[in-house]
Amino acid sequence: MKTKPINSILKSIVPLGAVSAIALSLSLLTINPSAKSEPLNHTISVFRDPNCGCCQSWIKHLQKEGFTVRDFVSNNMGNIKQQYNVPEQLISCHTATVNGYTIEGHVPAEQIKKILQNKPNIAGLGVPGMPIGSPGMESGDYVQPYAVFSFTNTGKLQQFAQY
């Protein structure tokens, strides 16, 4: 059986003006080669103290936001923070890693997703302390104002988001 090229089939079925319109429409749907098309890796490793309840609440927040969590319990969180170069000013109760970024404390999932998508040249994000109302530290409707900071491998901090 002999097959016909698609354009000859279309010419016999659809008027020429419509073929041009279809071709133009399809060309507008092409993928932008500069767009980041790779899927986000939503697997995050969380290191936490066995006695901290807010860490477990933060993990639930991440899971609710679509992350797969690998939960590592440690009795020596100081070594974990040192291993991942967490700046002293950002130290909180848990440390996480995802796609080469370090996440310290109660960072909202939306900010983690933002760095996974945009891939900024930073070492990670952190929320110092344990602000009430941050993910994992909810207390009714009250939200203590807090900032999410980005940090570099040299320890340079910059405000990344404000809540």
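**Which residue takes a positive phi in the hairpin of β3 and β4?** N99 does, with a phi near 50 degrees. The hairpin has two residues between its strands. This is a predicted model, in which local features need pLDDT of at least 70 and side-chain atom pairs count only at pLDDT 80 or more, while totals for chains, interfaces and linings use all residues. Residues are numbered from 1 along each chain as its sequence is written, and side-chain values use heavy atoms, with hydrogens and water left out.

**View 1. Strand β4 pairs with β3 and with β5.** Helices (H or I, at least four residues) and strands (E, at least two) are DSSP runs, numbered from the N terminus. Two strands pair if DSSP finds at least two bridges between them. Strand β3 covers residues 95-98 and runs antiparallel to β4, with four bridges between them. V98 stands opposite Y101 of β4. Strand β5 covers residues 124-126 and runs parallel to β4, joined by three bridges. Here I103 has L125 of β5 as its bridge partner. From β4 the chain passes through α5 to β5, and this β-α-β crossover is left-handed. (A crossover is right-handed if, with the strands pointing away from the viewer, the path from the first strand over the helix to the second runs clockwise.)

**View 2. The side chains of β4 point two ways.** Y101 and I103 point one way, while T102 and E104 point the other. All four are buried, where buried means under 20% relative accessible area, exposed over 50%, and partly exposed in between (1.4 Å probe, protein chains only).

**View 3. T102 sits in strand β4, residues 101-104.** Its relative accessible area is 6%, so T102 counts as buried. Contact means heavy atoms within 4.5 Å. Leaving out residues up to four places away in sequence, T102 touches Y84, V86, T95, A96, T97, A123, G124, L125 and F151. F151 lies 49 residues from T102 along the chain, yet their C-alpha atoms are separated by 9.2 Å.

View 4. A salt bridge is a side-chain nitrogen of Lys or Arg within 4 Å of a carboxyl oxygen of Asp or Glu. R48 lies in β1 and D71 in β2 (residues 68-73), so the pair ties together parts 23 residues apart in sequence. Strand β1 spans residues 43-48. R48 is buried at 7% relative accessible area, whereas D71 is partly exposed at 37%. Beyond four places in sequence, the residues touching R48 include C55, I59, F72, M77 and H94.

**View 5. K113 forms a salt bridge with E65.** Their closest N and O atoms are 3.5 Å apart. K113 belongs to helix α5 (residues 109-118) and E65 to the loop between α3 (53-64) and β2, so the pair ties together parts 48 residues apart in sequence. Both ends are partly exposed: K113 has a relative accessible area of 24%, and E65 has 32%.

**View 6. K81 forms a salt bridge with E104.** The closest N and O atoms are 2.7 Å apart. K81 lies in helix α4 (residues 77-83) and E104 in β4, so the pair ties together parts 23 residues apart in sequence. K81 and E104 are both buried. By the salt-bridge rule, the count comes to three.
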